[in-house]
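Here are my notes on the model you passed along. Have it open while you read.

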Amino acid sequence: ACGSKEAAQPAAPEAGKEQSPAADSQGSENGEKPLYFVNPKSIGYAYWDLAQKGAEAAGTDVGAEVVFNGTTDVNSAKQIDMIEDMMTRGATGLVVAPNDAKAVASVFSRARAQGINVITFDSDAPDTERQYYVGADTDQKLAEQLIDIIAEDIGGKGKIAFMVAGLGAENQIAKMDAAKAKLEADYPDIELVATVSSNDEMQVSLTNAQNLLKTYPDLKGIVGFAGGEAPSAAEAVEQAVNAGELEAGQVKITGIGWPNMCRDYIKNGTINKVLAWQSETLGYAGVYLLDCLDKGIKIEGEMKMPNGKTITIDGPNAFTGLIVISKDNVDDYDF
Amino acid sequence: MSKWREWKLSSGLKSILLMIILILAQLIWFSIQSPYFLKIGNIVNIARQIAEIGMIAIPTSILIIAGSIDMSMASTLGFCAMAFGMMMNGGIPIWAAAVLTILVGAAIGVFNGFFVAVLNIPGIVSTIGSMVLIRGMCYIINRGNPVNGFSEGFIKFGYADVLGIPVSFLVMAILFMAAAILLQRSNFGIKVYAIGNNEVSTRFCGIKTNRFMWGLFILNGMLIALASIFLLARLGSAEANLGQNYDLDVLASVLIGGISILGGKGNIAGAFLGLLVIGILRNGLNIIGVSVLYQSIILGVLLILTAAKWKKVKD
Amino acid sequence: MNEKPILQIRQVEKRFPGNYVLRKIDLDVYPGEVLGLIGENGAGKSTLMKIITGVYSLDDGNITFEGRKVSFQNTKEALASGIAIIHQEFNLFQNLSVAENIFLDRDGYHDKWGRVDWKKTRQEARRILKELGAEFDVDTQVSEIGVREQQLIEIAKAISSNAKVIIMDEPSAALPQNEVGHLFEVIRLLKERGCSIIYVSHRMKEIEEICDRVAVLRNGVNVGTMKLAETNMHEIISLMCGREITDYYPHAQLDPGEVALQVEGLTNQYVKNVSFRVHKKEILGIYGLAGSGSVQLAECIFGLNRFKEGKIVTVKGTAAKHTPEEAMSLGIAYVPPDRRREGIIKELSVEMNFILPQLRRYSKSGFLMQRKIKSSTEEYMKQLNILAVNSRMLLDNLSGGNQQKVVLARWLDVQPDVLILNEPTRGVDIGAKVEIYALIDKLAQQGLSIVMISSEIPEVIGMCDRVIVMNKGRISGTFESRELSQEVLLNTASVTKG
Amino acid sequence: MKKKNKILESQEFMILIFIIVVSIVFAVISDNFSSPSNIQLIFSQVAINGICTIGVSMVVFLGGIDLSSGSILSLCAACSGMIVNTGMPLVVTILCSVLIGMSCGLLNGFLVARLRIPPIIATLASMNIIRGLAIIVTGGDWITGFPESFNGIGQGRVFGLPIPFLIFLAVTALAAILFRYVNIGRKIYAVGGNIAAAELAGLDVVRVKLFAYILCGATIGLAGTIYASMVGTISASTTGSSLGFQILAAALIGGLSINGGKGTVLGSFLGVVLLGVIKNGLILSKVSEYWIDAVTGAVILIALTINAVQIIRRQRRVTIS
Ligand SMILES: Nc1ncnc2c1ncn2[C@@H]1O[C@H](COP(=O)(O)OP(=O)(O)OP(=O)(O)O)[C@@H](O)[C@H]1O
Ligand SMILES: Nc1ncnc2c1ncn2[C@@H]1O[C@H](COP(=O)(O)OP(=O)(O)OP(=O)(O)O)[C@@H](O)[C@H]1O
Ligand SMILES: [Mg+2]
Ligand SMILES: [Mg+2]
C-alpha cells in the first residue's frame with residue numbers, strides 16, 4: 001500500500017538527475033492521456049485475447065491509452081526487454097503477468113524509481129516492488145479448492161495424477177506445491193502417483209493423459225493445473241471409454257478449465273467441475289487499479305468497477321474470485 | 001583482369017552494405033515514428049538486450065563458418081545459468097562459481113565435440129540429440145524448480161555500466177572485436193575458414209581438423225556459459241526452460257549477417273550487424289507498439305529479403 | 001565427308017564477366033567423322049561444347065544441327081535432339097545405382113504415369129556396359145565403384161542414346177591405357193553407324209590414333225581445322241601452343257645419392273607388404289591401374305592412412321605416429337591427385353592456400369606475419385610462373401593449371417626431402433605439362449627425391465629413373481628405366497593371379 | 001548372400017533391432033507396456049508426427065530441411081477445425097487442409113528453389129510467417145467443439161488398428177513406392193545426391209524441388225485434419241511447436257542424411273516409431289518426469305552413435321579385393 005498521491009508525482013526522489021521519459025511525457029504534453037502498458041505472458045492465446053479486451057475496455061472507461069503486447073513465446077528475458085522498451089516509450093503504468101516472478105524484480109524497481117506504477121496480474125511477483133496483484137485468487141486457494149473437488153469426486157481416496165503445462169514454470173510449481181501440501185494435510189488416503197507436463201501443447205497433453213491411463217490402471221483422478229490439461233485428460237478418457245478400455249466415470253477429472261473448452265465434457269459428465277476465472281476481468285481490473293493509483297483513489301475493501309464487476313482488496317492483493325464451472329452454469333459463460 | 005577482381009570484392013561487401021543500409025533505414029523510420037526511439041536510454045536498452053545473444057552469436061558464427069553448427073546452444077545456455085545459480089546458492093563465491101560455470105560450458109563442449117570429432121556425425125545432427133538431453137538435465141539438476149534468490153550485488157551487476165555503456169554489451173563488443181581480429185589475422189582464423197571450405201584439403205595439409213573442431217565446440221560451450229552468467233545477472237532467476245528459442249534469434253542474426261550456412265564464407269562483422277538489425281527491429285517495433293505477431297512475420301520477411309538471390313542466374 | 005555437315009557452328013561468341021572466352025568460332029562436324037578438338041587449358045574447348053549442348057547460352061552467333069537452327073536450354077533437350085555430351089568432370093549421382101545413372105529420367109524408361117521400368121533400365125545398362133568391355137554389377141551404387149568405372153558410366157550414358165553427335169570432353173583422362181583401347185573400339189563402332197564424335201583430349205597419341213580431322217583452339221579462336229592425313233602432330237602442337245615444343249621429357253638420369261626414403265613391409269587393408277627405397281636425386285615412378293593401391297600407398301606414407309605393419313624411415317627418422325604432421329617433419333610432402341577435393345581451398349586466397357601446411361612458420365604467437373607471407377608467396381608465384389592478379393586473389397578465380405601450381409608451390413616451400421606427386425599432370429595441356437616436367441627435373445637435380453604416381457605410361461617411361469608397378473595392393477614388378485616399355489608395364493600391372 | 005549382408009548392415013535394420021531391444025527393456029520394467037491396448041496406443045500416438053515426418057523426409061531426401069512443419073501443422077489443424085465447424089463434410093475438410101498445406105509447401109519451395117535461399121533459412125523464415133498467419137486466422141482462439149461425426153478419422157479403429165496409424169502406414173507405403181518406382185521420386189534422390197549433376201543433366205531442378213516441398217506440405221495438411229480430430233482442441237500458437245525438431249530427430253535416427261540423397265522412407269518410419277516407443281515406455285516405466293527429456297536425448301545420441309560406428313567400421317572394411 002503505497003498507493004498514495006505521491007506515486008503519481010512525476011519526480012520521485014530516487015529518480016534523481018535521470019529525467020525519466022515517463023516524467024517527460026507527462027510534464028511536457030500536459031493533458032495528454034496516461035499510457036498504460038499491459039503485458040501478458042505471451043500472446044496468441046484466447047485467454048490473453050480476453051485479457052486484452054478487458055484491459056482496452058477499462059482504458060476507454062478510465063480515459064487512458066492502453067497498449068497490450070507480449071512475446072510470442074513464453075520467455076522471461078524477452079518479456080523484460082519489452083517492458084523496458086515500453087518504459088522508454090513513456091508508459092505511466094505497467095500491468096504485467098510475469099513469466100518468472102523473480103526475474104522481473106529489477107525492472108520493476110527501476111520502473112518504480114521512475115515513478116511508474118506497477119501492478120501484476122494473472123501471476124504474482126510477491127518479492128518485488130509491484131504495488132498490487134490482481135488475480136482470481138491466490139495460487140494456494142486455487143490449488144486447495146482443486147484438491148477439494150477431486151477428493152470429493154473420488155471419495156477421498158485413491159491414486160491421482162497431476163498434469164501441468166511446464167515442469168519448471170514458477171506459477172505451476174507454486175500451485176503444485178500448495179496442492180501437495182493440501183493432500184498431505186487433509187487427504188492422507190489420496191496418493192499422488194505422477195506429474196506430467198505438456199509444454200502447453202495439446203497433442204502432448206493428450207498423449208500424456210493416455211499414457212497415464214495405461215500406466216496406472218487403477219488411477220482415480222487427474223488434476224490439470226493449466227487451461228489445456230483438463231480437457232485433454234477428458235478427451236483421453238472419453239477415447240478410452242469409447243474403445244472399451246475404461247469404464248465411464250472410473251477416472252475423475254478436474255482442474256483449471258475454460259467453459260468453452262470444457263463445455264462438451266462437462267455436459268456429458270466426463271468432467272464434473274472445473275475452476276475458472278475471467279481473464280477479461282483481470283485485464284480490466286489491472287488497468288482500473290493503475291488508474292486508481294494514478295488518480296490517488298483509495299484502494300480498499302470491495303470495489304465496484306465501472307463495468308459493474310467487483311474486486312476484493314486484501315492487502316496488496318485484488319481478487320476477482322474463482323468460478324466453479326459445472327453442468328448448471330457452464331452455459332452462462334462464453335470464454 | 002582486374003575488373004572482375006573488383007566485382008568479386010564487391011560481392012563480399014554487398015551483404016555488409018545491405019545491412020548498414022537496413023540499419024540506417026530502421027533508425028530513420030523508427031525515429032520518425034516515435035520520439036522516444038533515439039533517446040540515450042533506449043539505445044542503452046538495445047545494447048543491453050542484444051548482449052547475451054551477441055555473445056552466443058560469436059561462437060555460433062565461428063562454428064558455422066567452420067562448417068558445423070550447435071543446435072543445443074539454447075539448452076546449454078539454460079543449463080549453465082541453472083548450474084551457476086545453484087553454485088552461488090550453494091555458497092560458492094561468485095567468482096569461483098563463474099569460473100566453474102565456464103568449465104561446465106567447456107565440459108558440454110567436450111561432449112558435443114566428441115560426436116563431431118570422433119564419430120564424424122555432422123554437428124547439426126548430433127547436437128539435436130544433445131539439445132534434448134541437456135534440456136532434460138536442466139530439469140534434473142534442480143528437480144524442475146527455478147533457481148533464484150541471489151545477492152543484491154549480483155543483480156546490480158546485471159545492470160552495471162561503464163560510462164553509461166552496459167557492461168554486458170562492452171564484454172560482447174570486445175569479444176566480437178577479438179573474434180574479428182582472430183578470424184582475419186591469425187592461424188586460428190585461417191583454419192576456421194579452411195575447414196569450412198574444404199575439410200579434406202585442410203586435413204591433407206597436415207592440420208588436425210577433427211581436433212580443431214573439437215576445440216571450437218569447447219570454445220562455443222565456454223562462451224555460451226559466459227553469456228549465461230550475464231543473462232542470469234540480468235534476470236536474477238533461472239527457470240528450467242531458460243533460453244528456449246534463443247537459438248532462433250542467434251541463428252537469425254548470424255544468417256541475416258551473411259554468414260553462409262554452408263560454411264566457409266561470411267564475416268563476423270556481418271554477424272554483428274545482423275545482431276543490430278534484429279535488436280533494433282525488435283526494440284523499434286515494441287516502441288511503436290506493433291504486435292509481436294506481426295513482428296515475427298516481419299522478421300521472417302526480413303530473413304527472406306536478405307537471403308534471397310533475386311537475379312535469375314544461368315552461367 | 002563430302003556431304004553436308006550435320007552440325008554447323010557459326011560466329012559463336014562467349015563472354016564471362018570480364019573474360020572473353022570464345023571469339024567468332026566457326027566449326028563444322030560431318031556425319032560419321034571423329035573430330036579432334038585440342039587446345040591449351042583455358043582455350044575454350046569445354047565452353048564451346050557446353051554452348052552446343054545448352055549448358056551455357058551463347059552471346060552471339062548461331063548453331064545449326066541437321067539443317068535447323070537450334071538453341072537448347074539444357075543437355076536433356078540436346079540429348080532428345082541427338083547430341084550427347086560426356087562432360088570433362090564427372091556428373092554422377094553417387095547415391096544411385098549404375099544402371100540408374102545411365103537412364104535416369106530418360107524417355108522410354110518410364111511410362112506416362114512416371115513408373116520406372118527397372119527391368120529395362122538394368123538390361124540396357126548391362127548391354128551397353130558390355131559393349132564397352134566392362135562388366136560390373138549394374139545395381140551397385142556409384143559411390144562404391146572406382147574412378148575408371150565412373151568414367152565408363154559417363155561414356156555409357158552418352159552412347160546409350162543413339163545420338164547422332166557425341167561430344168567427349170577428355171573422356172580418357174581417368175581411364176587406364178587398356179580401357180582407352182576399348183573406348184576406341186566403341187568409337188569406331190559408333191562411327192560405322194554414322195555417328196559423329198567430337199573428341200577433346202590433351203593426349204596427342206589418342207588424337208593421332210582416332211581422329212579424322214582436328215580443330216585447334218587458341219585463346220578462344222579457332223586457329224585451324226585440318227585433316228589428320230594432311231598434317232603431322234608436330235605441326236598441330238606448334239599451332240596449338242603458338243611455339244615449338246621439342247623436349248618433352250627433359251629428365252636426364254643422375255647418379256642417385258643416399259637413400260632418402262625407405263619403406264619396408266607396409267601392410268594395411270589396401271596394400272600388402274610393400275617395400276621400396278628412394279634415393280636422393282632420383283625420380284621413382286609408381287604405376288598402377290585404378291584400384292591398384294598406389295594412391296593408398298602414398299596416403300599411407302604421408303600419414304593419411306594408418307598401417308598395421310611395416311616401417312617408414314627417412315633421413316630424419318622413423319614414422320611412429322602416422323600423421324601428416326609427422327610425415328612433414330620427416331621431410332615428406334604429398335601432392336594429391338584430386339586437386340579440387342584434396343588440394344585447394346577455393347574460397348581462400350593464393351597466400352592462404354600457400355601457407356596452410358606451415359601456419360606456425362608464418363605466424364608469430366598465433367598471428368600471421370603478413371609481409372613474410374606476401375613476399376614468400378610472390379617469390380613462388382614468380383618461380384613457378386603462377387598467373388594471378390596478386391597473391392590475395394581467391395584460388396577459385398585461378399585456372400585449373402595455376403591452381404595446381406599453387407598446390408605444388410605450397411609443398412615445395414615445406415622444403416621436403418621426398419616429394420610425392422600423385423598424378424601431377426592430370427588434365428593439364430601439353431605446354432603446361434612440359435613446364436611441370438621441367439620443374440620436376442630441376443627439383444631432382446637440386447637433390448630432392450621424387451615419387452611420381454601416374455597412370456600415364458608415356459610420362460612414367462619418359463620421366464622416371466625407376467618404376468614400381470603395383471597390382472592389387474602388391475608390388476608386381478620393379479624396373480630400371482631402360483627396361484621399360486608400354487607392354488611390359490601394362491602386363492605387369494594387369495596380371496590377374498594372386 | 002551379398003544381398004542378405006546388405007540388409008543386415010542397413011540402418012533400417014539397426015533401428016529395428018534397437019526398437020526391439022528398447023521394447024524388451026520396457027516390457028520387463030513395466031507390466032502394461034506390452035499389453036495390446038498399449039501397443040494400439042503407441043500406434044495412434046506416433047501417427048501424426050509420423051505422417052509429418054514422412055512428408056518432411058521427402059524434402060530431406062532432396063537435400064532440404066523443413067523447420068516450418070510445426071507451423072504448417074498448426075495452420076492446417078486450425079483451418080480443419082474451423083472448416084469442420086462450419087458444417088462441411090470430412091472430405092471437403094481434408095481437401096481444404098491439404099490445399100492449405102500445399103500452399104505453405106509452395107511458399108517454401110518458391111523460397112528455396114526460385115529465390116535459392118538455403119532451406120534452413122527459408123524455412124526458419126516461413127516458420128515465423130506461417131505461425132503468425134495461424135494465430136491471426138484463428139484470432140488466437142481455441143478451436144474446439146467439433147461435431148461427433150468428425151471423431152472418426154482421428155479416433156476410429158479398423159481391425160483393431162487406429163485409423164491415424166493406418167493412414168500413417170498408407171502414407172509411408174505410398175511414399176516408399178514413389179521413391180522406389182516413380183520417376184519423380186528418383187529425381188528427388190538424384191537432386192539430393194548431386195544437384196550440379198542434376199542441373200547439367202537437364203533435370204528440371206526447380207520443378208523437382210517445388211514438387212517435393214508441395215508434397216511435403218500436402219502430407220502435413222493431411223496430418224492437420226487428423227490432429228484436429230484426434231486432439232479435439234487446437235491452439236494455433238502452440239500446436240506443433242516442437243514438431244520440427246522431433247521430425248528431424250526421427251529422420252536422422254532413421255538414417256536420412258541432412259545433405260540429402262540418402263536414407264529411405266522406411267528409415268523415417270522406424271525412427272518415428274522408436275521415439276514414440278521411448279516416450280510411451282518411459283512414462284509407463286514410471287521414470288521420474290524430470291528424467292524423460294534427458295533419457296530421450298540420450299537414446300537419440302546412442303542411436304546416432306551406433307550408426308556412426310557402423311559407418312566407420314564399414315569404411316575400414318573396404319578393401320581392394
Ligand atoms: N568467377 C570468375 N570470373 C571471371 N573469371 C574467372 C572466374 N573464375 C575463373 N575465372 C577464370 O577462369 C579461368 C579458370 O578456368 P578453368 O578452371 O576452366 O581453367 P582451365 O581452362 O582448366 O585452365 P588451366 O590451363 O590452368 O587448367 C582462369 O583464367 C580465371 O581467370
Ligand atoms: N563459369 C565460368 N565463369 C567464368 N569464366 C569461365 C567459366 N567457365 C569457363 N570460363 C573461362 O573460359 C575459359 C575457357 O574455359 P574452358 O573450360 O572452355 O577451357 P578448356 O579449353 O576446356 O580447358 P581444359 O583443357 O582445361 O579443359 C577459361 O579460361 C575461363 O577463363
Ligand atoms: Mg575443358
Ligand atoms: Mg582445366
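The points below cover a metal site and a ligand site.

1. Ground rules first: this is a predicted model, where local features need pLDDT of at least 70, side-chain atom pairs count only at pLDDT 80 or more, and totals for chains, interfaces and linings use all residues. Residues are numbered from 1 along each chain as its sequence is written, chains are lettered from A and ligands numbered from 1 in the order in which they are written, and side-chain values use heavy atoms, with hydrogens and water left out.

2. On the metal: C:S46 (OG) and C:Q88 (OE1) coordinate the magnesium ion (ligand 3) at 1.8 to 2.1 Å. Donors here are N, O and S atoms within 2.8 Å of the metal (3.2 Å for Na, K and Ca); water is not among the atoms, so sites may look incomplete. C:S46 sits in helix α1 (residues 45-52) of chain C and C:Q88 in the loop between β6 (83-86) and α3 (98-103), so the pair ties together parts 42 residues apart in sequence.

3. How covered are the two residues? C:S46 is buried, at 17% relative accessible area, while C:Q88 is partly exposed at 30%. (Buried is under 20%, exposed over 50%, partly exposed in between, with a 1.4 Å probe and protein chains only.)

4. Ligand 1 lies between chains B and C. Its surroundings comprise 12 residues, C:N41, C:G42, C:N397, C:S399 and C:G401 being the closest; a residue counts if one of its heavy atoms lies within 4 Å. The shell divides into 3 nonpolar, 8 polar and 1 charged, with Gly counted among the polar.

Note on methods:
Helix = DSSP H or I, 4+ residues; strand = E, 2+ residues; numbered from the N terminus.
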